[in-house]
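Please read them with the structure open.

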Amino acid sequence: MEVDFFVAMIPPTITAQEHKIVIRNGKPFYYDPPELMAARQKLTNHLASHRPLTGCVSGPIELTTTWCFHTEDSRLDGTLKTTKPDTDNLNKLLKDCMTQLGFWNDDAQVCREIIEKYWVKTSPSGIFVRIRQL
């Protein structure tokens, strides 16, 4: 089974690693700041229409993501993006949203990842996603 789609959007640059912590009654309490909650909702909304119609993908999965960030500066179209956010942090929030939406049962099923990030000028910004059952 293979699922391919493009999510046309301005990709979020805040990542799942940006949880905040406060101490209440001597115990740590973790929470998502408003920017992270907004990014999670934005991703969830854009991904919802791409859920596999046949239900969750089962077994081991290869996930390929290509993150396309718009630029207006002198970079050439398709130049690799070597600045933050880090690819692993980008994919963590994406996988959390995809798990919540039922793309798979658990993101632990993703045992191979290919993550790329590019600057784009002429193409739309967004995320190419390929889910392949291994």
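1. Disulfides come first. The whole structure contains 0 of them, a disulfide being a pair of cysteine sulfur atoms within 2.5 Å. Cys68 is in no disulfide either. Its nearest cysteine sulfur, again in Cys97, is 18 Å away. Buried means under 20% relative accessible area, exposed means over 50%, and partly exposed is in between (1.4 Å probe, protein chains only).

2. A word on the basis. This is a predicted model, in which local features need pLDDT of at least 70 and side-chain atom pairs count only at pLDDT 80 or more, while totals for chains, interfaces and linings use all residues. Residues are numbered from 1 along each chain as its sequence is written, and side-chain values use heavy atoms, with hydrogens and water left out.

3. The overall fold. The protein chain has 2 helices and 6 strands. Their order along the sequence is β-β-β-α-β-α-β-β. Both kinds of element are DSSP runs numbered from the N terminus: helices are H or I with at least four residues, strands are E with at least two. The C-alpha trace spans about 50 × 40 × 25 Å along its principal axes.

4. Contacts and surface. Take contacts (heavy atoms within 4.5 Å) between residues at least 6 apart in sequence. Of these, 84% join residues at least 24 apart. Of the 134 residues, 39% count as buried. The protein chain exposes about 7,600 Å², and carbon and sulfur atoms supply 54% of that area. Accessible areas come from the Shrake-Rupley method with a 1.4 Å probe; for residues, only the protein chains shown count as cover.

5. Salt bridges. There are 9 in the structure. Each is a side-chain nitrogen of Lys or Arg within 4 Å of a carboxyl oxygen of Asp or Glu. One network of salt bridges links Glu2, Asp4 and Arg130.

6. Look at Glu62. Which residues does Glu62 bridge to? One partner is Arg112, with the closest N and O atoms 3.0 Å apart. That pair links distant parts of the chain: Glu62 is in strand 4 (residues 61–70), Arg112 in strand 5 (residues 110–120), 50 residues apart. Another partner is Arg132, at 3.2 Å from N to O. Arg132 lies in strand 6 (residues 126–133) and Glu62 in strand 4, so this pair ties together parts 70 residues apart in sequence. Glu62 is buried, at 8% relative accessibility. Both arginines are partly exposed: Arg112 at 40% and Arg132 at 29%.

7. A further pair. Asp107 and Lys92 meet in a salt bridge at 3.9 Å, N to O. Asp107 sits in the loop between helix 2 (87–101) and strand 5, and Lys92 in helix 2, so the pair ties together parts 15 residues apart in sequence. Asp107 is buried at 18%. Lys92 is partly exposed at 33%.

8. A nonpolar patch. Ile21, Ile23 and Tyr30 form one on the surface, with about 350 Å² of accessible area together. Patch residues have over 30% relative accessible area and no salt bridge; nonpolar side chains (Val, Leu, Ile, Met, Phe, Trp, Tyr) are joined within 5 Å, like charges within 9 Å. Ile23 is found in strand 2 (residues 20–24). Ile23 is exposed, at 59%.
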